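The following exercises are to be worked through with the sequence and the coordinates at hand. Each task is followed by a solution in steps.

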Amino acid sequence: MSEGKLQEGEAPAEGAHQSQEITGLFLQHPETTVAITGTDIVFTAKVDSTTLTRKPTIKWLKGKWLDLGSKAGKHMQFKETFDRATKIYTWDMKIIKVVPGDAGAYRCEVTSKDKCDSSAFDISVEAVHIEEEHDIMSAFKRTDAGEDEGSLDFSALLKATKKKKKPVVDEEKADVWEILKNAQPSEYEKIAFEYGITDLRGLLKRLKKMKTVEPKHSDAFLTRMESAYSVDKGKKIVLQVEVVDPNAQVKWLKNGQEIKSSAKYIVESVGNIRTLTINRCSLADDAAYECVIGDEKSFTEVFVKEPPVTITKLLDDYHVVVGERVEFEVEVSVEGAHVNWMFEDQELSRDSHKYRFKKDGLKHMLIIQEATLDDIGMYWCFTNGGRTKGELEVEEKELEVLQNIADLTVKAEDQAMFKCEVSDEKVTGKWLKDGVEVLPSSRIKLTHIGRIHRLTIDDVKPDDAGDYTFIPDGYALSLSAKLNFLEIKIDYVPRQDPPKIHLDTTGNMVSQNTIIVVAGNKLRLDVEISGEPPPTVVWAKGDTAITAVEGRVRTENRKDLSCFVIEGAEREDEGNYSIIVTNPAGEDKAHLLVKIVDVPDCPENVKCTSVGEDCATMVWEPPKFDGGVPVTGYLMERKKKGSTRWTKLNFDVYEGVTYEAKRMIEGVFYEMRVYAVNGIGMSQPSLNSKPFMPIAATSEPLGLKVHDVTDTTCTLKWLAPEKIGAGGLDGYVIEYCKEGDTEWVVANTELVERQIYTVRNLPTAEKINFRVVAVNIAGRSPPTGLTQPVTIREIVELPKIRLPRYLRQKYLRRVGDKINLTIPFQGKPRPKVQWYKDGEELDTRVASVRNSEVDSILFIRSAERSHSGKYELVLQIENMEARAILEIRIVETPGPPEVVKVTDVWGFNAALEWKPPKDDGNCEITGYTIQKADKKTNEWFTIYEHNRRTNCTASDLIMGNEYMFRIFSENLVGKSEDFCLSKDTAIIPKIGLEYNPPPFKEKDMQSAPKFIQPLLDRSVVAGYSTAISCAVRGFPKPKIRWLRNKIPLDENPRFLMQNNQGVLTLNIRKPSQYDGGKFTCKAINPLGEDVVECTLLVRALKDKEDGDEK
């Protein structure tokens, strides 16, 4: 198949149609054609229907989906024929006077039940070569720009004006604005070029403000487009006009450039309506559009709007203390979208040093490095499609003392170290001695590491004794301790001096012989000993002697001094200690109690006991170990399930073990944890509580009413609660009590999900109050009750049949149909139901009946004519009854008419008569269908349909033919399956006529071959198929020969030669560099010959790329 005429250096489009073999259903495929503008072309498709069970249907399509069946008219004509002998269907599509817009890809689809086939073909349209007068404006028109085709090629015009300048004639200065006001929009570029205007966009903006368009009457348009349309990006827009002439051809222009039909732009014409559909609009489609018919134009502008940016994740509220970092985060629907941040009513500037703005894909963050009290308020985030807000609460930070400094007693040349720990590692402070600031020196060192502050004094001297105080900066708080200097006094001791323990009860001792040590700290107890000779010292814990001189717990003995050291005190170190000194002169003993204090253990069993709409009650158990110091209170934190950010609930220590957490969001799962606090510090957090959800009970049910009452039951109906909430609705509880009682009895053992319930086993004639309560996971809702009690007593109701409207007249159904009739009724107590047919009780073998309390159903699985008749429904309650009669008729197609005969024949007419059918199908005969057939072809044609009489006249019969007739009968069901054939025939005799045609002189149409369209030189890329074309005229039809470098191409399979009504095409399949050269086309007939030549240059692909780079 032809791949169409390509522009120079252009590769064929990907997926171009290739030659197809005759496969599938098609016997003959439509062929690709190159047409000349103004000529007629016909495409033919044939299908063999011998193997098909149904008649095949065909569709002619242009492009992917444009159905050409709706385009039938003067320009396109469709024809279908059928050959009964060969059972071959033939379809023709004829395009009259081809126009350039007919070029493109076409497809022919044929379907028959579950079989289908498709054939694709192309139409290429070439213009007739006509020499015209030289016109500088037409010479620079773009003819190869496709959709970008415009009226002028400005770049070419500028080059032409540089080469050839004409003398400028002084003319009277024109008013450009007046010219533009009166000009069409498509002429703006031309006028701008003529008057040297370069800023065409600015000119159009100014002109739009100046120019007012007044509606005027149009001879071409009935309805014009609006002045402007708007469409969302990615959506579809349809531009529509209504024209006066339904056969008028229109052009659609975009910014002055003609639009060609494609998958993006779909041009349609239906009757008087012309539409342009733009699919998947982008910002490039934001332009001016015109619909042109001759000199008339309809103008509009299309504005493409970007979709709104919506917020997919809302801002969270923050509750922090002064100095903490705050990070508001929001997610939007479009990556890279622009968002605005506001604090209260003030927009936040991105130049501010206080705020940082961060963007990560869909996430946008507002960061406050150190929150202050001035930052308290509401923060907003805005997009063009929504907004969200988050509240920031900032509280003053309270400094907590996690470890206080302790008194020290040291001796000369030892080291003294005061240590304290506060809750904020950023807090600085200063040390004072007796009210005077301590400055660092080579002997005195001040250190601050994290939350721990230390004052270290090396080589202690007597002057270092005194009161030391640590004061944190910015807080009204001070920590004090005392440094005691231990002087060693040397007294004269007799040689036999019994041992003596000189125990200093100051310092760490809070009471007599009791020492308190904070867990993790170091205990060093220096005990002065005297005695002569020097006594032996033994330290013991309980009954176990401590003999280690190295390790965490050890003793150090020196002359007149014994030291007991515990490095990093632990809870196991707590207990009673004793020191025993002995020498020959005697023995001395002292007892000490070492108490280890620590932060408490974490609280236990944190759980939620109850929830509300925005609150929850939490309880927990105190820690098993309080650290040796009474627990002063607790700190609570909560977080959303799945989140990692904990929010503090209290900054002041809470003393109880039951806490109500508020300001939560209903329907969101939360988790909580608790810290215990004592005088030493804060414990580790407890285990997270089980997730809980703040939910509230529903509102009360609505509209409680009594639906039915019997002697022992009462049926109630109600509506769902107005407010259900996140906890959902599990069901309802129905309660009742006797009038005057206060004890309510639950009627249902399980929750009722429906909004109707029958309370049973009620006492007859009692007055009962009822109420309904909605229940969900949060508990019971407020009850809703009746305004007055209900008396339990059945009310007798007369039987009444509510016969549907369609059953009040004759009910018709076809044989074999299913009949299912539901007839509602009412009555109390439940009535007795009885069916009758034609006055006799209905046999259950004829029809099935199912009765309920409110209706009766008559069911016939497969209707037969015997089921026709009058059916009667009877309801009885005691001596009262109600009746309803319905008539059912089962119908089918009638039998054929009887005794069809030709009663008379005259001229070209024949009179027919017949008798009605014996079987009318159980309904009235509505007409007859009469058909005729001549004995030559035996093809039947309908001459009358729905003829109500039993006679007719067949007219317009053909002379010399013998006709036979057949008749079908019709009723409401349809046409009879069989027909009745006429016993005799109608013969139309011939009448003698003689025709003397006038003499005819045949015109001599012979002419020698002459090429009316020459071959053009071409340059193509190797490997891409191409074609060269020319046109020849001559009679008799000339013989065509193609030559390359004077060598005939007749037997070369790589060259396909086509001749379509004088249009000659040579298709070259994937030419190589060796296929170039001089191509010659010869046309020869008995009257002469003609020759045309062209040169074909085949370039390598690399040459093409080099040319593109240049």
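## Exercise 1. Cysteines

Task: State whether C615 is buried or exposed, and determine how many disulfides the structure holds.

Solution. The model is a predicted one.

Step 1. C615 has a relative accessibility of 17%, and therefore counts as buried, the limit being under 20%.

Step 2. A disulfide is a covalent bond between the sulfur atoms of two cysteines. The cysteine sulfur closest to that of C615 belongs to C608 and lies 9.3 Å away, which is too far for a bond; the cut-off is 2.5 Å.

Step 3. For the structure as a whole, the number of disulfides is 0.

Step 4. C420 may be treated in the manner of step 1: its relative accessibility is 0%, so C420 is buried.

## Exercise 2. Overall composition

Task: Describe the protein chain by its secondary structure, burial, contacts and surface.

Solution. 

Step 1. Counting the elements gives 87 strands and 6 helices.

Step 2. Of the 1110 residues in the protein chain, 38% are buried.

Step 3. Consider the contacts between residues at least 6 apart in sequence: 63% of them join residues at least 24 apart.

## Exercise 3. Confidence

Task: Which element has the lowest mean pLDDT, and which the highest? Identify also stretches that call for caution.

Solution. 

Step 1. The average pLDDT of the protein chain is 83, and 88% of the residues score at least 70.

Step 2. Helix 1 (residues 136-139) has the lowest mean pLDDT among the elements, 37, while strand 76 (residues 962-971) has the highest, 94.

Step 3. The pLDDT is below 50 over residues 130-173, a stretch with 35 contacts in the model beyond near neighbours in sequence.

Step 4. Residues 506-510 also have pLDDT under 50, and the model gives them 17 contacts beyond four places in sequence.

Step 5. Where pLDDT is low, the predicted coordinates should not be read in detail.

## Exercise 4. The largest nonpolar core

Task: Which residues have the most contacts inside the largest nonpolar core, and which strand gives the most to this core?

Solution. 

Step 1. The largest nonpolar core comprises 23 residues, and W835 and I888 have the most contacts inside it.

Step 2. At least two residues of this core come from each of strand 64 (819-828), strand 65 (832-837), strand 68 (855-860), strand 69 (869-877) and strand 70 (880-891).

Step 3. With 5 residues, strand 70 gives the most to this core.

Step 4. Leaving out residues up to four places away in sequence, the residues that I888 touches include Y811, I819, L821, L858 and Y871. H867, S868 and G869 are also among the residues touched by I888.

Step 5. As background, nonpolar side chains tend to be buried together in soluble globular proteins.

## Exercise 5. Backbone geometry

Task: Locate two cis peptide bonds and two residues other than glycine with positive phi.

Solution. 

Step 1. The bond joining E532 and P533 is cis, with omega about -5°. P533 lies in the loop between strand 40 (523-532) and strand 41 (536-541).

Step 2. From F1035 to P1036 the peptide bond is likewise cis, omega being near 0°. The loop that holds P1036 is between strand 81 (1026-1035) and strand 82 (1039-1044).

Step 3. V899 has a positive phi, near 50°, and is placed in strand 71 (residues 898-906). Its relative accessibility is 33%, so V899 counts as partly exposed.

Step 4. For K1046, phi is positive and near 70°; this residue is in the loop between strand 82 and strand 83 (1047-1048). K1046 is exposed because its relative accessible area is 73%, the limit being over 50%.

Key. Residues are numbered from 1 along each chain as its sequence is written. This is a predicted model: local features need pLDDT of at least 70, side-chain atom pairs count only at pLDDT 80 or more; totals for chains, interfaces and linings use all residues. Side-chain values use heavy atoms; hydrogens and water are left out. Helices (H or I, at least four residues) and strands (E, at least two) are DSSP runs, numbered from the N terminus. Buried means under 20% relative accessible area, exposed over 50%, partly exposed in between (1.4 Å probe, protein chains only). Contact means heavy atoms within 4.5 Å. A nonpolar core is a set of buried Ala, Val, Leu, Ile, Met, Phe, Trp, Tyr and Cys residues joined through side-chain atoms within 4.5 Å. pLDDT is the predictor's confidence in each residue, from 0 to 100.
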